[in-house]
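Me: Hi! Could you walk me through this one with me?

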Amino acid sequence: MFQKLQTKWKVSGGRLLLILVTFATGGSLCGIAGRKILEWTGLEKGVLWVILYIVLITLIWPACVLLVSIPLGQFGFFKKYIRKLFFRMSGQKNNMVLGEKQQNLAIFASGAGSNAQKIIEHLSGHTSIKVALVVCNKAGAGVIAIAEKAGIPVLIIEKEQFFRGNHYVDELRAYNTDWIVLAGFLWKVPVGLIAAFAGRIINIHPALLPKYGGKGMYGKHVHEAVRSANETETGITIHFVDEYYDHGKIILQEKCTVTPEDDADSIAQKVHALEHQYFPKAVEDVILNSIIK
Ligand code: GRF
């Protein structure tokens, strides 16, 4: 459990301890303060007392935790945590973070587009994040029909301009693109495009990087390599894109088992299921985390 929290909050063991101490101390402080306030009202203990107590501690909990977080050096973490909590509790998953600009996403895909479809569905009606564009390098690819059905503009790109021209940076800017998500996009992203969207390009790789990554490691090749190596598990890696193949900072990895009965196709199916389950939410989380400070 501690390991999971560490990964989720991206903190060291020592920092996790301080955060947990803040939670515990802030919570106790809040309980004491709640009881004291109710004592002043002179109210008898009973159902009303309990209801008021719950309402009170809900209201003062953030203040208590923030107060305790200051001497423990965790104010930054808790400010962000509480802001997110309110944001989620108020059912604002799909509402604009007050005062923030809508984030526009361009999905790059070369194939069937099942991941693109899941992301489009997940973000449909989301007023903080919008899939503003689908970029494809292959006429007739499945993803084009998916985008058209969802009313999303499609930009078909050609090799020369992508690798040696302006890398379509102007076109992407024309759609006010803030983020690029590679969902089964088979061309290597040129350095010029990476620089134009520094830290804002997310990729999904169908294996547990750094294993089975690099040039030529895409689609079925990955799953065949996993099969040949008799791996007992594989999975997905969602990561930021840098100038090297399958190399940037990892955002999330999820695993699935590989049994002796599995072949490349059945492994691909398991991996696809993981992608559909985790990719859309991971994209949303990365973007929301970047705008909720
Ligand atoms: C996915 O397995 C993805 O990880 C890989 O290409 C595949 C795309 O599948 N890079 P789809 O087009 O989204 O169905």
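Me: How far does a backbone N or O atom of N115 lie from an oxygen atom of the ligand?
Reply: That distance is 2.8 Å, where a polar contact is a pair of N or O atoms within 3.5 Å. Bear in mind that this is a predicted model, in which local features need pLDDT of at least 70, side-chain atom pairs count only at pLDDT 80 or more, and totals for chains, interfaces and linings use all residues. Residues are numbered from 1 along each chain as its sequence is written, and side-chain values use heavy atoms, leaving out hydrogens and water.

Me: Which other residues are around the ligand?
Reply: Among them are G113, G184, I204, P206, H272 and E275, counting a residue if one of its heavy atoms lies within 4 Å.

Me: Switching topic: how many helices and strands are in the protein chain?
Reply: There are 11 helices and 7 strands, taken as DSSP runs (helices H or I, at least four residues; strands E, at least two).

Me: What share of the residues is buried?
Reply: Of the 293 residues in the protein chain, 42% are buried, meaning under 20% relative accessible area with a 1.4 Å probe, protein chains only.

Key. Buried < 20%, exposed > 50% of the residue type's maximum accessible area, 1.4 Å probe, protein only. Polar contact = N/O pair within 3.5 Å; in protein donor to acceptor, adjacent residues only side chain to side chain.
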